There are 2 protein chains.
Amino acid sequence: MKIAVNVHLKAGVLDPQGKAVLHALHTLGFKEVEDVRVGKQILLNINAKDKEEAIKKAEEMAKELLANPVIENYEIEVKE
Amino acid sequence: MKIAVNVHLKAGVLDPQGKAVLHALHTLGFKEVEDVRVGKQILLNINAKDKEEAIKKAEEMAKELLANPVIENYEIEVKE
């Protein structure tokens, strides 16, 4: 089962990479972009009997390794 | 409008970061994980009149700046 874990810096945390991309997009003429946040998307292929089990496992992995809870939020997404 | 651009290395391209995460997950006991790919998720806040326009703009940005078409694939996702 394919599960995506999307990890992003929390709202209050400065995201210099996002700022750099925003600036570059403006320079290229994309003036309609108002904000950019750059995060990670980790695609996991999990051997699980159903969706619920895969989500539960991905949740544990996010907490233990994939995200830093001090500065990052994560979100679990089922891909297929 | 919030649009996510998910950028991942193409299937044939080696992903050492993904391999490292897979190894770390196995070490932590998550034996049910079979494969890991680590990519980027870029969240864009686009000022557009409708979803179609926002997607079209995000597509242009992905082609011009956000993804490297030689080694990366991208996918556009409407977040809200």
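Predicted model: local features only at pLDDT ≥ 70, side-chain atom pairs only at ≥ 80, totals over all residues.
## Helix H1 of chain A

H1(A) covers residues 16–27. The helix has 12 residues and reaches 16 Å from its first C-alpha to its last. That is close to the 16 Å expected at 1.5 Å a residue.

Four residues of H1(A) are listed as buried: A:Gly18, A:Val21, A:Leu22 and A:Leu25. They cover an arc of only 105° around the axis, so they sit on the same side of H1(A). The face turned away from this buried side carries A:Pro16, A:His23 and A:Thr27, which are exposed. What covers the buried residues? The cover includes S2 of chain A, along with S2 and H2 of chain B.

## Helix H2 of chain A

H2(A) spans residues 51–66 and has 16 residues. Its end C-alpha atoms are only 19 Å apart. A straight helix would reach 22 Å at 1.5 Å a residue, and H2(A) falls short of that.

The buried residues here are A:Ala54, A:Ala58, A:Met61, A:Ala62 and A:Leu66. Seen down the axis of H2(A), they fall within an arc of 105°, so they line one face of the helix. The face turned away from the buried side carries the exposed residues A:Glu52, A:Lys56 and A:Lys63.

Both chains supply packing partners for the buried residues of H2(A). From chain A come strands S1 (2–9), S2 (33–46) and S3 (72–78). From chain B come helix H1 (16–27) and strand S2 (33–46).

## Where the helices cross between chains

Two packed helices are described by the angle between their axes and the distance between the axes. H1(A) packs on H2(B) at an angle of about 105°, and the axes are 11 Å apart. The two helices are therefore roughly perpendicular. H1(A) brings A:Val21, A:Ala24 and A:Leu25 to the contact, while H2(B) brings B:Met61, B:Leu65 and B:Leu66. Which classes of residue make up this contact of H1(A) with H2(B)? There are 6 nonpolar residues, no polar and no charged ones.

Now take H2(A) and H1(B). Their packing angle is about 105°, with axes 11 Å apart. That makes H2(A) roughly perpendicular to H1(B). On the H2(A) side, the contact is made by A:Met61, A:Leu65 and A:Leu66. On the H1(B) side, it is made by B:Val21, B:Ala24 and B:Leu25. By class, this contact of H2(A) with H1(B) has 6 nonpolar, no polar and no charged residues.

A:Leu28 lies in the loop between H1 and S2 of chain A. Its relative accessibility is 42%, so A:Leu28 counts as partly exposed. Leaving out residues up to four places away in sequence, A:Leu28 touches B:Glu64 and B:Leu65. A:Gly29 also follows H1(A), and its phi is positive, near 100°.

## A loop residue in chain B

Where is B:Lys10? This residue sits in the loop between strand S1 (2–9) and H1 of chain B. At 28% relative accessibility, B:Lys10 counts as partly exposed.

B:Lys10 and B:Arg37 are 27 residues apart along the chain, and their C-alpha atoms are separated by 9.9 Å. The two residues touch. B:Lys10 also touches B:Pro69, B:Val70, B:Ile71, B:Glu72 and B:Asn73, again not counting residues up to four places away in sequence.

How values were computed:
Residues numbered from 1 in each chain as written. Chains lettered and ligands numbered in written order. Heavy atoms only, no water. Expected span 1.5 Å × (residues − 1). Buried < 20%, exposed > 50% of the residue type's maximum accessible area, 1.4 Å probe, protein only. Arc of directions from axis to C-beta. Contact = heavy atoms within 4.5 Å. Axes fitted to C-alpha atoms, helices over the stretch in contact; angles between N-to-C directions. Parallel < 35°, antiparallel > 145°, perpendicular 65-115°, else oblique. Nonpolar A, V, L, I, M, F, W, Y, C, P; charged D, E, K, R; others polar.
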